[in-house]
Each structure stands twice: as C-alpha cells, then as structure tokens.
Amino acid sequence: MQNYFFVALAVLAFIYFLFVRIIPAIRHNVYGKNVNFIDPIELDKMFSDEKELLVIDIRSESEFYNLFGHIDHAINLPYNKFVLRFNEISDNLTDFKDVSIVIVGLQEEKNIYKAYNLLKEKGLEKIFILNKGMSGWLRAQLPTVERNVKKI
C-alpha cells in the first residue's frame, strides 16, 4: 500500500513539474521569439525614473481588481477590449512612438504575445512584455494596488 502512495506522489510531482516548469518554458520559446521582455525589477525602476511609460494589463477586470491586485498606474484593458480599441485607434498610435509600453497578463498567456505583435505591426518600438507576468511581479515582492480597490 505504501508503494502505491509513493508512486502516486511521484506521478503528481511529475505532473506539477510538467505544467509549472516545462510547458511554460516551451510556450515561452515558441511564442516569445523576437519579443522584448522586461523583468519586474526593471519595470519597477522605470516607474521610479519617471520615464514616459504605459502599462497595459490585459487580464480580465475580475483578475485585475481581485486575486492579488494589480500594478499601480496600470490600465486595465482586457484582451478582447484591447483588440477592439486597437482597431479604433491604430492610426493614432504614432503619438506613442517615444513611450515605453509594457503589456502585463498572466504568465505565458497567448494573448500577451498577440497584443505585443499588434503593437509591433504598427511600428511601435519600445514595447515589452512583463517577464513571468503578474506572478513574476508578485514573486519579486513588488507592490500592488490592494485587491478590490477600483480607481475612480
């Protein structure tokens, strides 16, 4: 009976390792080719340097305002709304050529790469994806706006 327990435990550990480490790394290599990533500590430094910066969080509104909160000064534009808005304003994006734009989402979410590529296709140069998403920001123990707090 103990052998079954250890076998089951080993299988669960392997599955966990597969889904937490291996699959995200594969996705990162497949979708993340030719993508500029920014580490959470570097992004935090950009806030303190007061550079022109736009942080777009493409998570759903419930994820943005609940769970673990969000990065201060980030705007919430869920991916579906991002695409809709992008089509409306894409011709006016030349005003953002000198602004650094950081896209935030959940770790290795496909939509992050899609949003990144849409902005790149319009000729914007200073575009980044937050490396490891919000989970990377939280692991670096960087501040978030408290959950359930909506800015007015």
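**Ground rules.** I am working from a predicted model, where local features need pLDDT of at least 70, side-chain atom pairs count only at pLDDT 80 or more, and totals for chains, interfaces and linings use all residues. Residues are numbered from 1 along each chain as its sequence is written, and side-chain values use heavy atoms, with hydrogens and water left out.

Entry 1: I took helices (H or I, at least four residues) and strands (E, at least two) as DSSP runs, numbered from the N terminus. Two strands count as paired if DSSP finds at least two bridges between them.

I then went through the pairs. Strand 2 runs parallel to strand 4 over five bridges, with Val55 opposite Val102. Strand 4 and strand 5 share three bridges, and here Ile101 faces Ile127. Strand 1 joins strand 5 (residues 127-130) by two bridges; Ile38 stands opposite Leu130.

**Entry 2: strand 4.** I checked burial next (buried is under 20% relative accessible area, exposed over 50%, partly exposed in between; 1.4 Å probe, protein chains only). Five of the five residues of strand 4 are buried, so the rest of the structure largely encloses this strand. Ser100, Val102 and Val104 point one way, Ile101 and Ile103 the other. In a regular strand the side chains alternate between the two faces of the sheet.

Entry 3: Which residues of helix 4 are buried? I found Tyr79, Phe82 and Phe86. The face turned away carries exposed Asn80, Leu84, Asn87 and Glu88. The buried residues pack against strand 2 (53-57) and helix 5 (110-121).

**Entry 4: Arg59.** I found Arg59 in the loop between strand 2 and helix 3 (61-65). Arg59 is buried, at 2% relative accessible area. Its side chain makes a 2.8 Å polar contact with that of Asp57. A polar contact is a pair of N or O atoms within 3.5 Å; within protein, one must be able to donate a hydrogen and the other to accept it, and residues adjacent in sequence count only if both atoms are side-chain atoms. Beyond four places in sequence, the contacts of Arg59 (heavy atoms within 4.5 Å) include Phe64, His70, Val104 and Met134.
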